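Please open the model in your viewer and keep the selection panel at hand.

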Amino acid sequence: MVEQLEALLAGERDLIANAANLAALIYHGLPDLNWAGFYFRQGGELVLGPFQGKPACVRIPLGSGVCGTAALRAATVLVPDVHEFPGHIACDPASRSELVVPLLESGEVLGVLDLDSPLVGRFDEVDQTGCERLAALYVDHHRSPGQR
Ligand code: SME
């Protein structure tokens, strides 16, 4: 999937277009997902970006839900059962487990990559490491050459 993302990103620097393709790559490439997509940080909240799946909540305050928690902590949050996560925001009631990876650039949170599954315990450390790699590749691709 990393190789597929490298091929998709090649020669294109538009943040939204590349996020849309990454969301589609993940959604159709990984089994048992009902949502995959992005939220981008605007000040104190996360705003919905490109995604695949059912319509979702548009704005999430930092610190709220799984996405807002990952953004506030600047760390990945893996939730085996969303019913056990206090404050989980149920955009699609079918979602039972969730993996949220922050988009980090020099320690700053640009947004999050969010994956939802209708299965309890769908995500493991392999999914986490893989998604962190995809998120890092996505962020790194859009850094200007002077920042590298
Ligand atoms: N469940 C998320 C909200 C986003 S949707 O899953 C797409 C949360 O608790 O942050």
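Select the shell around the ligand and colour it by class: eight residues are nonpolar, two are polar and three are charged, where Ala, Val, Leu, Ile, Met, Phe, Trp, Tyr, Cys and Pro count as nonpolar, Asp, Glu, Lys and Arg as charged, and the others, Gly among them, as polar. This is a predicted model, in which local features need pLDDT of at least 70 and side-chain atom pairs count only at pLDDT 80 or more, while totals for chains, interfaces and linings use all residues. Residues are numbered from 1 along each chain as its sequence is written, and side-chain values use heavy atoms, with hydrogens and water left out.

Within this shell of 13 residues, the closest to the ligand are V66, C67, I89, E98 and D116, a residue being near if one of its heavy atoms lies within 4 Å of the molecule.

Next, display the polar contacts, which are pairs of N or O atoms within 3.5 Å. At V66, a backbone N or O atom lies 3.0 Å from an oxygen atom of the ligand, whereas at E98 it is an N or O atom of the side chain that lies 3.0 Å from a ligand nitrogen atom. Then pick D114, where a polar side-chain atom is 3.4 Å from an oxygen atom of the ligand. Of the 300 Å² of accessible area that the ligand has on its own, the protein covers 99% (Shrake-Rupley method, 1.4 Å probe).

Now colour by secondary structure, with helices (H or I, at least four residues) and strands (E, at least two) taken as DSSP runs numbered from the N terminus. Two or more shell residues come from each of β1 (35–42), α3 (65–73) and β6 (108–117), and α3 gives the largest share, three residues.

Finally, zoom out to the whole chain, which has four helices and six strands in the order α-α-β-β-β-α-β-β-β-α. Its C-alpha atoms fill a box of roughly 45 × 30 × 25 Å along the principal axes.

Definitions and conventions
A polar contact is a pair of N or O atoms within 3.5 Å; within protein, one must be able to donate a hydrogen and the other to accept it, and residues adjacent in sequence count only if both atoms are side-chain atoms.
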